[in-house]
Amino acid sequence: MKFSATIFKINESPVLKNSIWGLASSLTQNVLLSLFFVIVARNYSTFDFAQFLIANTLYQIKAAFSTLGLGQWFVREYLISENKKTLISKFLKIQFYSGNFFYLVNLALAYSIYDGNLVRELSIVLGINVVFDNIIFAIKSLNIADFEQQKTFRILLIDAILRFLIGVVLIFYPMPMMVLCLMIVIVRFATLYLFINIGVKHLVNFKTILKTKVSYLDLKILITNNWSFIVIGSISIIYWRIASIIISKLLTNTDVANYEISFKIFLLAQLVPLILSSSVFPSLVKLFEMPDKADFQAHYKKFYMIYLIFGLASFTFIFSFSGLLIPFAFGSTYTETSKYTVEMFLTMIVFPTFLLQANVLIAMKLEKLDMILNIIGIFMYLILTFIGFSYTKSLSVINYSIFISFVVLHIIQDIILLKSRIIDLKYSLIVYSSISSIVLLYIFLSNTINPYLLFSVFWLVIIIFSLSAKGIFKRNF
């Protein structure tokens, strides 16, 4: 009966239903994409692999800007709009125009920053994905607003399978890097075709989109009124991708590969809070509109605990297992990568709850304040990086700079939520003291206990303690 009741509760809750759909399919998707990434790393030289990563990074940075950060704006507007079809058509057209513009920007930067012909040629090919990704982004935002993310997850799973099959072909039939990138673009175009036919065909069509007028004045008003979303959406990607540019210009190709491998694993860990947030955000928006904010606070605190536990579990897992798993997956060439991956995963301790609190601020219509925090964070991170580089040019400097900036931003978020009476001081002190104690204790114990045994026993003890202290958690959280 309890099991049946749980299944019924999941089906009745859009947040839980979408999140479980997202986690299940995205886990499979990212495992396949990671296998593709591993195959590429193993089948090309460090130089060619680094050039591919640099070109991919340039395209991803432009993709961050090209969406204009309007995903959350669209979700919020769609939920209250009376003419949804017109809104969808305008959004798709804006994303198409923006994608084409930033593709040209991508080419200009590739030719101005880098002298190597391979990077430039790969940028021409991979950069086309900016246009495709923008339209996909618009349809994904629509699915979020409609709580129909299972459509997104199914299509992206197909995309991952096709990319993995490219990797399988690469194992048996080595190909030039340019051919590989052409195949990636073809797969992305096929993914776009599926998104259009499954995601929006029942709502709008090409004829509707073409007829929808988006004037310069419309675009200007939209950007002027929502420029904070553009900054927020862009910085969230730039925060990580700008490091690749810095490394490629100031460090070695090996450092580029080490960072990208570490970041790829970090992206896998990000998967859970990102997917969960895409479902949690619309529910936060709806709850905040209610006169009584008690449900809003309870919703936030419930998911805060989930995010917090996941962040700590991710860090401790990588701390214990990265030395075994990374050389096994990527080969002995990348034995030292595990050290940098552990450093990067320090940020995972605070990243999930930082992401949740950013969504809370936007739900509270404080997106401009969240934008300012993001700007402060990226400047702090860059300042710390270049100060560190003045003493030693190491990849560790970047990893620690990112971690420190996220900790500071998290504290500022807490102060804002304290003033807004979403949380209280006791709540914050309990959280920070618990996080610090757990991390320090784990690092201390790792010096004397087998890392695999430590991870298993450590989390078993925490689970038992959490269950026995259930009453305490209910009173405080």
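Modeller: The largest nonpolar core has 135 residues, and those with the most contacts inside it are Phe52, Leu180, Trp240, Tyr259, Phe296, Tyr300 and Ile398; such a core is a set of buried Ala, Val, Leu, Ile, Met, Phe, Trp, Tyr and Cys residues joined through side-chain atoms within 4.5 Å. Helix α12 (residues 253-288) gives the most to this core, with 15 residues. The model is predicted, so that local features need pLDDT of at least 70 and side-chain atom pairs count only at pLDDT 80 or more, whereas totals for chains, interfaces and linings use all residues. Residues are numbered from 1 along each chain as its sequence is written, and side-chain values use heavy atoms, with hydrogens and water left out.

Ile398, one of the core residues with the most contacts, is in contact (heavy atoms within 4.5 Å) with Ala243, Ile246, Ile247, Tyr259, Tyr381, Thr385 and Phe389, leaving aside its neighbours within four places in sequence. Helix α16 (residues 367-389) has 23 residues and reaches 33 Å from its first C-alpha to its last, close to the 33 Å expected at 1.5 Å a residue, the expected span being 1.5 Å times one less than the number of residues.

Thr341, found in helix α14 (residues 337-345), is buried with a relative accessible area of 0%, and touches Ser262, Ile265, Ile318 and Ile326 when residues up to four places away in sequence are not counted. Its C-alpha atom is separated by 9.4 Å from that of Gly323, which is 18 residues apart from Thr341 along the chain. Arg188 lies in helix α9 (residues 177-200) and counts as buried because its relative accessibility is 12%; with residues up to four places away in sequence set aside, Arg188 touches Asn129, Phe132, Asp133, Ile136, Leu156, Asp159 and Arg163.

Helix α18 shows a buried side and a face turned away from it. This helix has 21 residues and reaches 30 Å from its first C-alpha to its last, close to the 30 Å expected at 1.5 Å a residue. Tyr427, Ser428, Val431, Ile435, Val439 and Tyr442 are buried in α18, and they cover an arc of only 100 degrees around the axis, which puts them on the same side of the helix. The face turned away carries the exposed residues Leu425, Lys426, Leu429, Leu440 and Phe444. At the start of α18, a side-chain oxygen of Asp424 reaches to within 3.3 Å of the backbone nitrogen of Lys426. In the loop between α17 (395-419) and α18 (425-445) is Arg421, which counts as exposed because its relative accessibility is 70%, and which has a positive phi of about 65 degrees although it is not a glycine. Most residues other than glycine have a negative phi.

For the chain overall, the secondary structure comes to 20 helices and 0 strands, these being DSSP runs (H or I, at least four residues, for helices; E, at least two, for strands) numbered from the N terminus. Buried residues make up 53% of the 477 residues.

Note on methods: Buried means under 20% relative accessible area, exposed over 50%, partly exposed in between (1.4 Å probe, protein chains only). The arc is that of the directions from the helix axis to the C-beta atoms. A polar contact is a pair of N or O atoms within 3.5 Å; within protein, one must be able to donate a hydrogen and the other to accept it, and residues adjacent in sequence count only if both atoms are side-chain atoms.
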